[in-house]
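Q: I would like to learn how to read a model like this one, starting with charged side chains. What should I look for?

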Amino acid sequence: MPTALYSDAPRLPEGEGLDLRSLVSAGAAGVEVEIGPGRGWFILERLEFAPGVGVVGLEIRRKWATIVDRRLAERGLGARARVFAEDAREVFPRLLTGSLAAVYLHFPDPWWKKRHAKRLVLTPALARELGRALRPGGELFVQTDVSERAEAYEALLAGEPTLEPWDAAGPRVDDNPYQARSPRERRALADGLPVVRLRYRRAGARRP
């Protein structure tokens, strides 16, 4: 369908101090954000596995934001999850400090040429905002099947003082602990590609 048909794609309210907890219902488990949910399968599986969480997707493509948001509503999940046609790099500076339980970033930044650097999602500026928006002990989970990207992300996040590795041994974990997988993760596993998973928490919280 032409992009113009999605001119009514769901958008977030304007203004600063945006609290996503006012947009989806969640218990003590809190609100989680997936950056770039695409077709939304991670969100659907996450909701099924963790009935106490609410999830907000930030999808820059208006088409998929519209389709997935409607799909969630049709499945009776619209109260617990929404997908908005937004650029996470612009949204995170507007979010209320300490308001998120987790942020997921699956296989981002598929651009390699220098002229595409401005399109990168995970930057030092975004990392700073991710740490600010997470509540104490809140989690950041990043996955990639490109080793160079993994090394770059690990170096970048090591320089962000608001975040610390989930484990004292370092941020790399062997498996996805959230019982939900994105289509890209499933394809990578089916193709036998090594997936690097980086797990962090908001610094300053007591380790379990």
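A: A salt bridge is a side-chain nitrogen of Lys or Arg within 4 Å of a carboxyl oxygen of Asp or Glu. This is a predicted model, in which local features need pLDDT of at least 70 and side-chain atom pairs count only at pLDDT 80 or more, while totals for chains, interfaces and linings use all residues. Residues are numbered from 1 along each chain as its sequence is written, and side-chain values use heavy atoms, with hydrogens and water left out.

Q: How many salt bridges does the rule give?

A: The count comes to 15. One of them joins the side chains of Glu32 and Arg46, at 2.9 Å from N to O. Helices (H or I, at least four residues) and strands (E, at least two) are DSSP runs, numbered from the N terminus. Glu32 lies in strand β1 and Arg46 in helix α1 (residues 41-49), so the pair ties together parts that are 14 residues apart in sequence.

Q: Are Glu32 and Arg46 buried or exposed?

A: Relative accessible area decides: buried means under 20%, exposed over 50%, and partly exposed in between (1.4 Å probe, protein chains only). Glu32 has 4% relative accessibility and counts as buried. Arg46 is buried too, with a relative accessible area of 9%.

Q: Which residue forms a salt bridge with Asp145?

A: The partner is Arg184, with the closest N and O atoms 3.1 Å apart. Asp145 lies in the loop between β5 and α5, and Arg184 in helix α6 (residues 183-190), so this pair ties together parts 39 residues apart in sequence. Asp145 is buried at a relative accessible area of 18%, whereas Arg184, at 33%, counts as partly exposed.

Q: Which residues are linked in a network of salt bridges?

A: They are Asp175, Arg181, Glu185 and Arg197. Glu185 is buried, at 0% relative accessibility, and Arg181 is partly exposed, with a relative accessible area of 22%.

Q: Next, strands. Which strands pair with β8?

A: Two strands pair if DSSP finds at least two bridges between them. Strand β5 (residues 134-144) and β8 pair in the antiparallel sense over six bridges, with Glu139 opposite Arg201 of β8. Strand β6 (residues 163-165) is also antiparallel to β8, over three bridges, and Leu163 stands opposite Arg202. Strand β7 (residues 172-173) pairs with β8 in the antiparallel sense over two bridges; there Arg172 has Leu198 as its bridge partner.

Q: Why is β8 largely enclosed?

A: Six of the seven residues of strand β8 (residues 196-202) are buried, so the rest of the structure largely encloses it.

Q: How many residues does the largest nonpolar core have?

A: A nonpolar core is a set of buried Ala, Val, Leu, Ile, Met, Phe, Trp, Tyr and Cys residues joined through side-chain atoms within 4.5 Å. The largest has 33 residues, and those with the most contacts inside it are Leu20, Ile35, Phe92, Leu100 and Leu140. Elements that each supply at least two residues of this core include β1 (31-35), β2 (54-58), β4 (100-106) and β8. Helix α4 gives the most, with four residues. Apart from this core lies another, of 15 residues, among them Ala9, Leu77, Val83 and Ala85.

Q: Which residues is Leu20 in contact with?

A: Contact means heavy atoms within 4.5 Å. Leaving aside neighbours within four places in sequence, Leu20 is in contact with Leu12, Val31, Val33, Val56, Leu95 and Leu100.
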